[in-house]
Amino acid sequence: MHRFILVARQTAASLSCRGPGGCRSGRRDGALRGAAGLAAARPPSARLPCARLPCARLPRPARGDAVRWSSAAKASAVKITEKASREKILTLESMNPQVKAVEYAVRGPIVLKAGEIEKELRKGIKKPFTEVIKANIGDAHAMGQRPITFLRQVVALCTYPNLLDSPSFPEDAKKRARRILQGCGGNSLGSYSASQGINCIREDVAAYIERRDGGVPADPDNIYLTTGASDGIATILKILVSGGGKSRTGVMIPIPQYPLYSAVISELNAIQVNYYLDEENCWALYVSELRRSLNEAKAYCNPKVLCVINPGNPTGQVQSRKCIEDVIHFAWEEKLFLLADEVYQDNVYSEGCQFHSFKKILYEMGPEYYNNVELASFHSTSKGYMGECGYRGGYMEVINLHPEIKGQLVKLLSVRICPPVSGQAAMDIVVNPPIPGEESYSQFIKEKESVLNNLAKKAKLTEDMFNTVPGINCNPLQGALYAFPRIFIPSKAIEEAKAHKMAPDMFYCMKLLEETGICVVPGSGFGQREGTYHFRMTVLPPVEKLKILLEKLKDFHIKFLEKYA
């Protein structure tokens with residue numbers, strides 16, 4: 001084809017008019033269009049009229065000639081395509097192997113299958129159900145939970161400051177919005193912030209921690225605003241991981257765990273060190289198990305990080321004060337850097353359970369601990385009573401960090417410029433809500449308590465329902481947003497799962513999805529003791545939908561046991 005175009009250009013040049021006022025451009029255009037028409041197996045299009053002299057016309061090709069040109073053009077195009085085709089630079093073999101090793105069950109194969117089924121339902125393809133119920137993830141608003149009015153009011157005012165003149169917004173919301181905007185460059189939420197976050201918001205976070213922990217001091221310089229808690233956890237792990245071979249950093253994580261931890265550990269090529277929670281005792285954490293795990297890991301890595309999730313995800317337990325003291329003493333004794341994932345600190349439901357922050361207990365254990373144990377604690381806008389997952393707001397408080405490492409941490413954070421400023425504003429309202437005497441206080445408290453009471457009701461409903469089903473056992477849901485019931489899977493089903501190259505609980509969850517439209521996450525995605533099977537399900541759906549979900553699940557499980565008995 002490129003040769004033909006060259007000939008066309010030469011022909012057009014030779015046909016140019018030479019006389020005064022000639023039609024050089026007209027003839028050349030006509031010739032080019034005629035040549036292009038031949039290449040495309042069509043007659044030349046009409047030429048532009050010349051100003052004075054008649055332009056020479058190319059002879060119209062016979063029908064057979066047009067076919068020959070078409071064949072030649074196609075053959076030439078194929079050759080060009082063949083020459084242009086080459087091996088891709090980025091392939092599964094050449095890509096970063098650490099990224100390939102990353103797995104994130106919460107949005108894994110089961111969720112992709114759920115998406116496919118939703119598309120089929122929209123096309124009118126018949127299923128034994130009319131909708132997919134996504135109980136796989138703690139996305140509160142997607143499940144119908146209403147936003148907290150005051151939080152949305154302040155973020156709206158920050159986003160569109162002209163609303164500050166509107167009488168529709170309460171003065172306490174306007175006061176907070178003005179303070180946040182004064183901390184933004186150009187008084188705009190659209191400007192970058194400092195990498196560590198807006199200063200006044202970090203001050204509010206520190207004040208919140210002091211109130212929460214009964215006066216334990218908090219320094220705004222130790223507060224780092226983050227893109228959700230996940231960003232903070234990944235950042236701290238990134239700065240902690242080092243060494244090679246047996247000196248490579250080992251990270252101790254609970255099993256079952258939230259898959260963010262195993263994913264980040266894989267991405268950083270660190271060593272995952274599992275310690276098991278005791279399912280028979282409401283997912284208790286015992287120091288004896290921590291010690292077993294640590295001593296075994298010392299043979300192949302350098303364990304120097306201990307992660308604790310409290311309240312637990314996916315397990316829903318709330319750690320006692322005594323448990324936290326034991327964990328802190330263990331970390332101090334073994335010189336471990338502590339990571340306390342506390343994003344569900346507002347989600348405590350069971351009587352007799354109470355949230356205790358690691359920071360508070362550490363302080364109360366005395367200066368020998370408080371001045372030495374390195375601790376990073378995490379919180380988020382995504383959970384609690386707020387459920388503002390999409391804003392990606394969060395913070396971490398890091399204490400007892402070496403001064404030189406603090407500089408390195410700020411440098412690392414500066415690479416991503418800053419966390420979303422709208423998310424920072426949302427985080428500010430979580431830590432600086434209306435107080436008694438303010439205009440919005442009564443509505444705020446009413447909405448907050450309504451959400452938390454409703455979650456407690458749904459947690460109890462879920463626990464009780466599961467424990468009536470043969471072959472399902474569910475520990476008390478003391479906190480967080482999930483149930484993690486243990487399920488009995490018959491040996492015939494296990495064999496069929498193997499034939500499909502699936503983990504048995506993945507097979508179970510896939511069947512559940514295909515037959516009922518209920519999407520939950522298999523326990524194998526979170527980790528579990530060998531020979532046990534679970535799934536994680538959120539309790540976020542509205543009560544009536546949750547009841548339907550639980551009844552469907554009960555019926556499915558009984559039929560599943562009968563089928564594979």
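Which residues does Leu553 touch, not counting residues up to four places away in sequence? In this predicted model, the list reads Phe466, Ile472, Tyr508, Leu512, Ile518, Phe535 and Met537. Leu553 belongs to the largest nonpolar core, a set of 120 residues, and together with Ile236 and Met537 it touches the most other members. Another core, of 32 residues, lies apart from that one, and among its members are Tyr275, Cys301, Val308 and Val327. As a general point, nonpolar side chains in soluble globular proteins tend to be buried together.

Stepping back to the whole chain, the protein has 20 helices and 14 strands. Of its 565 residues, 50% count as buried. Among contacts with a separation of 6 or more, 70% join residues 24 or more positions apart.

Three strands form an open sheet with antiparallel pairing, in the order β10-β14-β13. β10 (482-483) and β13 (521-522) are at the edges with a single partner strand each, so one side of each has no neighbour in the sheet. Two bridges link β13 to β14 (residues 535-538) in the antiparallel sense, and Val521 stands opposite Arg536 in β14.

Is Gln257 buried or exposed? It counts as buried, because its relative accessibility is 3%, which falls under the 20% cut-off. The side chains of Gln257 and Ser262 are joined by a polar contact of 2.9 Å. Leaving out residues up to four places away in sequence, Gln257 touches Asn313, Pro314, Gly525 and Phe526 as well as Ser262.

How many disulfides does a search of the whole structure find? The search finds zero. The sulfur of Cys184 has its closest cysteine sulfur in Cys158, 6.8 Å away, which is too far for a bond. Cys282 is in no disulfide either, with the nearest cysteine sulfur, that of Cys353, 7.3 Å away.

| Residue | Relative accessibility |
|---|---|
| Gln257 | 3%, buried |
| Cys184 | 7%, buried |
| Cys282 | 18%, buried |

Definitions and conventions: Residues numbered from 1 in each chain as written. Predicted model: local features only at pLDDT ≥ 70, side-chain atom pairs only at ≥ 80, totals over all residues. Heavy atoms only, no water. Helix = DSSP H or I, 4+ residues; strand = E, 2+ residues; numbered from the N terminus. Buried < 20%, exposed > 50% of the residue type's maximum accessible area, 1.4 Å probe, protein only. Contact = heavy atoms within 4.5 Å. Pairing = 2+ DSSP bridges. Core = buried A, V, L, I, M, F, W, Y, C linked by side-chain atoms within 4.5 Å. Polar contact = N/O pair within 3.5 Å; in protein donor to acceptor, adjacent residues only side chain to side chain. Disulfide = S-S within 2.5 Å.
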